[in-house]
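Q: Can you walk me through this one? Keep it brisk, and start with the terms.

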Amino acid sequence: HVKSLLAMGNLIKVLGKDLENCPHFFLDFENAQPTEAETAVWNQVSAVLEEAHGILAELQSYNGAGQEIREAIQNPNDLQLQEKAWNAVCPLVAKLKRFYEFSLRLENALRSLLEALTSPPYAPMQHLEREQALAKQFAEILHFTLSFDELKMTNPAIQNDFSYYRRTISRNRLNNQQLEAENEVNNEMANRMSLFYAEATPMLKTLSNATTKFVSENKTLPIEDTTDCLSTMACVCRVMLETPEYRCRFTNTDTMLFCMRVMVGVIILYDHVHPVGAFAKTSKIDMKGCIKVLKEQPSNSVEGLLNALR
């Protein structure tokens, strides 16, 4: 704890509170509004987040073309069934392409936020307190990411549909319709989508790659500035969850789950980006405390989160 106490020493002065080794302040996930300084980045990220709800809804209602694909494979000479499967799969692949393209926009939004939340001269803690609206957006991106990946993990149809699509294209059976689809998803795009959907948690992988890239490209910015931003956020979420006087300030019951998702999201990002990881003894994240907070919640709401940490 000594190391993190020293690191937090100057922040504690700022806060003027007696802290063990964790910032205690209320991050207003429900009502934070952007200040003038935050507006430009906030607007950019806001446009991306507005789309996120629609993406989740589409993914939630994604049923796949399993039935049509099975029938087509079982009756390879029945052209009508081949066509039926193809016609069922094409609109689904268009959806998968939209999800993939959204991940790229999300990546850009995250980079803008990281730049804003780690820029000198402020420490990560001061950033999170000063720029609560951006911290909230960062949290919303993580919340979306974990929600997306939880849905994707429990939906095997996605990979089945996509591999059927690729096999059909390479077999070159349906020459005329195939051209229309090729315009939709050409081979290079199909390769990138394939890599994306092969991941167990594709959105989280996108974010951790983006964060790692951000750290490696900003040579002048110590990696600690980025990882401290993450560990501070994990800490703030944990304290908010375990402190009754903070918890009772949440007016919306979903905010608890939101807070837990965000805590888990930043822990996983930290683990990917930090050279030693989140689970090491020297890690600035109190893993025991975080897991304890999760285990105190009803298991149906945290099962997916505990799995993500495992």
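A: A nonpolar core here is a set of buried Ala, Val, Leu, Ile, Met, Phe, Trp, Tyr and Cys residues joined through side-chain atoms within 4.5 Å. Buried means under 20% relative accessible area, exposed over 50%, and partly exposed in between, with a 1.4 Å probe and protein chains only. This is a predicted model: local features need pLDDT of at least 70, side-chain atom pairs count only at pLDDT 80 or more, and totals for chains, interfaces and linings use all residues. Residues are numbered from 1 along each chain as its sequence is written, and side-chain values use heavy atoms, with hydrogens and water left out.

Q: How many residues are in the largest nonpolar core, and which have the most contacts inside it?
A: That core has 91 residues. F138, F144, I267 and L294 have the most contacts inside it.

Q: Which helix gives the most to this core?
A: Helix α4, residues 79-118, with 17 residues. Helices (H or I, at least four residues) and strands (E, at least two) are DSSP runs, numbered from the N terminus.

Q: What does F138 touch, not counting residues up to four places away in sequence?
A: L110, L113, L114, L117, L230, M233, V266 and L269. Contact means heavy atoms within 4.5 Å.

Q: Changing topic. How many helices and strands does the protein chain have?
A: 15 helices and 0 strands. Of its 310 residues, 51% count as buried. Take the contacts with a separation of 6 or more: residues 24 or more positions apart account for 76% of them.

Q: Back to packing. At what angle do α6 and α13 cross?
A: Roughly 85°, and the axes come within 8 Å. Helix α6 covers residues 132-153 and α13 covers 254-273. That makes α6 roughly perpendicular to α13.

Q: What are the rules for those angles?
A: Axes are lines fitted to C-alpha atoms, for helices over the stretch in contact, and angles run from 0 to 180 degrees between N-to-C directions. Under 35 degrees counts as roughly parallel, over 145 as roughly antiparallel, 65 to 115 as roughly perpendicular, and the rest as oblique.

Q: Which residues make the contact?
A: From α6: K136, F138, A139, E140, L142, H143, L146, S147 and E150. From α13: F258, R261, V262, V264, G265, V266 and L269. They divide into 9 nonpolar, 3 polar and 4 charged. Ala, Val, Leu, Ile, Met, Phe, Trp, Tyr, Cys and Pro count as nonpolar, Asp, Glu, Lys and Arg as charged, and the others, Gly among them, as polar.

Q: And α11: mostly covered or mostly uncovered?
A: Mostly covered, with 16 of its 20 residues buried. R238 is found in α11. R238 is buried too, at a relative accessible area of 6%. Its C-alpha atom is 9.0 Å from that of D286, 48 residues apart along the chain.

Q: Where does V93 lie, and is V93 buried or exposed?
A: V93 lies in helix α4. At 1% relative accessibility, V93 counts as buried.

Q: What does V93 touch, leaving out residues up to four places away in sequence?
A: F162, Y165, V185 and M193. The C-alpha atoms of V93 and V185 are separated by 8.0 Å, though the two are 92 residues apart along the chain.
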